[in-house]
Amino acid sequence: MSEAARSHLQRWGASFRKGTDFDSWGQLVEAIDEYQILARHLQKEAQSQPNNSEFTEDQKKILAKIATCLELRSAALQSTQSQEGFKLEDVKKLEPILKNILTYNKEFPFDIQPVPPRKILAPGEEEDLEFEEDDEEGGAGAGSPDTFPARVPGTLLPRLPSEPGMTLLTIKIEKIGLKDAGQCIDPYITVSVKDLNGIDLTPVQDTPVASRKEDTYVHFNVDIEIQKHVEKLTKGAAIFFEFKHYKPKKRFTSTKCFAFMEMDEIKPGPMVIELYKKPTDFKRKKLQLLTKKPLYLHLHQTLHKE
């Protein structure tokens, strides 16, 4: 083991133990902070170039899965229903895997897909790097095929178990209308449920890369299972949809626009919602429409009640 790899593992191990200690003591704010910081470090290592990493590609895939599990635990701790989601005992199963990452050769204990590879940016950094290439004619994606090649799936989660008198929500993301839809490379949508302060109420989910592009639409046709019963969502909560795509010139994935729906919009059937300019405003205080053109996110809602 190289000195650099040993140093990484020692720091990660110490951070992991701090997180689980805070978690077991009920110090949830500190646990969430520790988990999220460690997840960012693991994601950064997982996305590093081969010549800049002490770990093999297979080991980096495991690091990315551990990071996703830590993010799921953070979301579970922020949920008002602590019995739902990723549990502390699940997190503790990850410590020996992280500790022995250089020799670990077993199947990962959880059916988790790491989030799509992306550069991890500090808040506001993306806006500094962007030069509004979205408005340019042509671009690297112009002329790309209408149908995308098969990709690694996103981080979609299965429907929760039903409970008597409780309602579950499935949202089908059908398509999104964009003037430059054909230029978007490897687009996908990140779905999250936030309270009025922008805190996650459920695990964040990423769709797979879109199935096809056609005229001014990017098609997804994918079901999102909201990971909390509708009756348990806090007053003022909203469901966010962030449209993201890869920028080859910058070599990172960028948020192009976002949309959201509020609790009073939860009703069965089709709906269209407006698109807003980035950065994503989870607190919904400074909203700017993306375009005056009639382009929207097209959804279909299904409610399941026992």
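Two strands are taken to pair if DSSP finds at least two bridges between them, and strands themselves (E, at least two residues), like helices (H or I, at least four), are DSSP runs numbered from the N terminus. On that basis, an open sheet of five strands, with antiparallel pairing, has the order 4-5-1-10-8. The model is predicted, with local features needing pLDDT of at least 70 and side-chain atom pairs counting only at pLDDT 80 or more, while totals for chains, interfaces and linings use all residues. Residues are numbered from 1 along each chain as its sequence is written, and side-chain values use heavy atoms, with hydrogens and water left out.

**The chain as a whole**

- The protein chain holds six helices and ten strands, and of its 306 residues 49% are buried, where buried means under 20% relative accessible area, exposed over 50% and partly exposed in between (1.4 Å probe, protein chains only).
- Its accessible surface is about 15,900 Å², with 51% of that belonging to carbon and sulfur atoms; such areas come from the Shrake-Rupley method with a 1.4 Å probe, and for residues only the protein chains shown count as cover.
- Among contacts with a separation of 6 or more, 72% link residues 24 or more positions apart, a contact being heavy atoms within 4.5 Å.

- Strand 1 and strand 10 (residues 296-305) run antiparallel and are joined by nine bridges; Lys172 stands opposite His300, and Thr170 has Thr302 as its bridge partner in strand 10.
- Strand 8 is joined to strand 10 by six bridges, again in the antiparallel sense, and here Pro270 stands opposite His300.

**Strand 2 and its partners**

- Strand 2 (residues 185-194) is largely enclosed by the rest of the structure, because nine of its ten residues are buried.
- Eight bridges connect strand 2 with strand 6 (residues 238-247), the two running antiparallel, and Ser192 has Phe240 as its bridge partner in strand 6.
- Strand 2 also pairs with strand 3 (residues 205-206) over two bridges in the antiparallel sense, with Asp206 of strand 3 as the bridge partner of Thr190.

**The loop at Ala181**

- Ala181 lies in the loop between strand 1 (167-177) and strand 2, and its relative accessibility of 1% means that Ala181 counts as buried.
- Although Ala181 and Thr216 are 35 residues apart along the chain, their C-alpha atoms are separated by 5.1 Å.
- With neighbours within four places in sequence left aside, Ala181 is in contact with Lys213, Asp215, Thr216, Tyr217 and Val218.

**Packing of helices 2 and 3**

- Helix 2 (residues 28-46) packs against helix 3 (residues 57-78) at an angle of about 155°, with the axes 8 Å apart.
- The two helices, helix 2 and helix 3, are therefore roughly antiparallel, given that angles under 35 degrees count as roughly parallel, over 145 as roughly antiparallel, 65 to 115 as roughly perpendicular and the rest as oblique.
- Residues of helix 2 that meet helix 3 include Leu28, Ala31, Ile32 and Tyr35, and those on the helix 3 side include Lys60, Leu63, Ala64 and Ile66.

Methods
Axes are lines fitted to C-alpha atoms, for helices over the stretch in contact, and angles run from 0 to 180 degrees between N-to-C directions.
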